[in-house]
Amino acid sequence: MKQALLALVVVVIVVAAVAVVRAASLPSRQIQAEPVADIAVDPDAAAQRLATALTFRTISYQDSAAFDGDEFRRLHDYLRRTFPRVDAALPHETVGGYSLLYRWIGRDRSLKPIVLMAHQDVVPVQPGTEGDWTLQPFGGDLVDGYVWGRGALDDKASLVAIFEAVELLLARGVQPRRTVYLAFGHDEEVGGLRGAARIAELLRQRQVELEFVLDEGGFVVEGVMPGLARPLALVGVAEKGYVSLELIVRGAGGHSSAPPVATPIGILSAAVNRLETNRMPRAIRGATALLFDYVGPEMPLARRLVIANRWLLAPVLTRTMGGDPAGDAMLRTTTAPTIFEAGSKDNVISPVARAVVNFRILPGDSIASVIQHARRTIDDDRVEIRPLAGFGTEPSPVSDVTSADFRTLQRTITEVFPGVIVAPWLVIGGTDARYFRDLSADVYRFNGGWLKPDDLARAHGTDERIAVRDYGRMVRFYVQLLRNTVQ
């Protein structure tokens, strides 16, 4: 007995020693770069141009009948007038009616082009919340050092900042070595099928092979990861897939005075409850594992100990991270009931009940595995389960973080945002970049914005805004990226 106890103590000591050594020797993945100081951007003038762009109500509605093409055309006219060098020097075309594709032709046609992306459309303001805004959602106001309005974060800031960067470089006489495409979809907020998807298909038809793609996605953020003192630049190297399942239960209906043992509403409620309480499993893999690889070495020893020894302490990490909805979303395919429809009168049993459950699919899972999980979990032949007609997509591949393109992006961020930690990240929403994954192995998602913790809820929410200073840094980011990539 004593020998067994002694052996156990020895094993514990050895494991602890190995864990500490691994944590202490975890190498930094950050690179050294001198801050760039020679990019002359007037943030106030640039912010005013962005503010005007926010006045155009380029809204994507779920009901396509509400689409207002005139607002998009007015935005296009404004961009042409405001950035005359871009308009004159870059051949451009309209795709899918309202999306824009520009081509900045490079000197060396043997080099693969790059694509910089953003989208023109914005989400609607939630009806009934208009009065909660400090300033008008489409007023284009510049107040208290901020540009206020729908699209200030998602995603007109990126759109106009890319125009600013190219206009500035054209004014300096820059002609790129490699070709640069600027791709601006018009329906990203409803799936991008008429915009970015058609741009990608057009490039595919023209047999264009891309060096890398950069779309919206990550920001420089503060205070989002406990134990990390420095700001964190999150570069999306993958994004989750998307599928909604429609659940339908049919029954005889009838008068509520003589109900059956199980009604369609009761059966469907139980099915939805089973999905919510039996979610798909958590996993630290892909982009989320890379995030820990990059931030771990920059953390205090106690937190580094957990991250460096995921082989032993993964349950601790997943339990801690999974306690927050955003953290949990990075670890699993999420389950979100979003629609429940049944009944029209209080004393009539509805013969049909319908629900929609949305799943954001973790890379490594698939639409097929989600459907299989739903059927196995519900386990009730009375519930019809089928993918909702319309938009759906598989999760993206995880882009290479050892490539020269990722290193260039990492160096650019470090030059423009000195002192930040740059790390790969899983985008838990969706972007138009999903349509370009077979045109390049290197598809990244970062737009150069800087967010405080209380800014995170403003995108798609009330009082969306961006600081003038931070918008100036966004423009500088795109300028420096182009300089590092094409000069």
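**Note on the predicted model: salt bridges, sheet and cores**

1. Arginine 204 counts as partly exposed, because its relative accessibility is 29%. The model is predicted. Aspartate 438, at 54% relative accessibility, counts as exposed. The two side chains meet in a salt bridge, 3.0 Å from N to O. Arginine 204 sits in helix α6 (residues 196-205), and aspartate 438 in the loop between β15 (421-427) and β16 (443-451), so the pair ties together parts 234 residues apart in sequence. The structure holds 29 salt bridges.

2. Four strands form an open sheet. Their order is β11-β13-β9-β14, and the pairing is antiparallel. β11 (334-342) and β14 (383-387) are the edge strands, each pairing on one side only. On average, neighbouring strands are turned by 20° against each other, direction ignored.

3. Look next at the pairing of β9 (residues 241-250) with β14, which is antiparallel and spans five bridges. Isoleucine 248 has glutamate 384 of β14 as its bridge partner.

4. Two helices deserve a check against this sheet. Helix α7 (residues 264-277) packs on the sheet and touches β9, β11, β13 (352-361) and β14. The direction of α7 makes about 10° with that of β13. Helix α12 (residues 367-378) lies across β9, β13 and β14. Its run is at about 30° to β9.

5. Glutamate 384 also takes part in a salt bridge with arginine 386, where the closest N and O atoms are 3.8 Å apart. Both residues are partly exposed: arginine 386 has a relative accessible area of 37%, and glutamate 384 has 30%. The pair belongs to a salt-bridge network that links Glu246, Arg250, Glu341, Arg354, Glu384 and Arg386.

6. A further salt bridge joins arginine 382 to aspartate 380, with 2.9 Å between the closest N and O atoms. Arginine 382 is partly exposed, at 47% relative accessible area. Aspartate 380 is buried, at 14%.

7. Now the cores. The largest nonpolar core has 95 residues. Leu214, Ile413, Tyr471, Phe477 and Leu482 touch the most other members. Helix α5 (residues 156-171) gives the most to this core, with 11 residues. A second, separate core has 22 residues, among them Ala271, Met280, Val370 and Val383.

8. Which residues does phenylalanine 477 touch, leaving aside those up to four places away in sequence? The list is Leu214, Leu409, Thr412, Ile413, Val416, Phe417, Phe446, Asn447 and Gly448.

Technical notes: Residues numbered from 1 in each chain as written. Predicted model: local features only at pLDDT ≥ 70, side-chain atom pairs only at ≥ 80, totals over all residues. Heavy atoms only, no water. Pairing = 2+ DSSP bridges. Axes fitted to C-alpha atoms, helices over the stretch in contact; angles between N-to-C directions. Contact = heavy atoms within 4.5 Å. Core = buried A, V, L, I, M, F, W, Y, C linked by side-chain atoms within 4.5 Å. Buried < 20%, exposed > 50% of the residue type's maximum accessible area, 1.4 Å probe, protein only. Salt bridge = Lys/Arg side-chain N within 4 Å of Asp/Glu carboxyl O.
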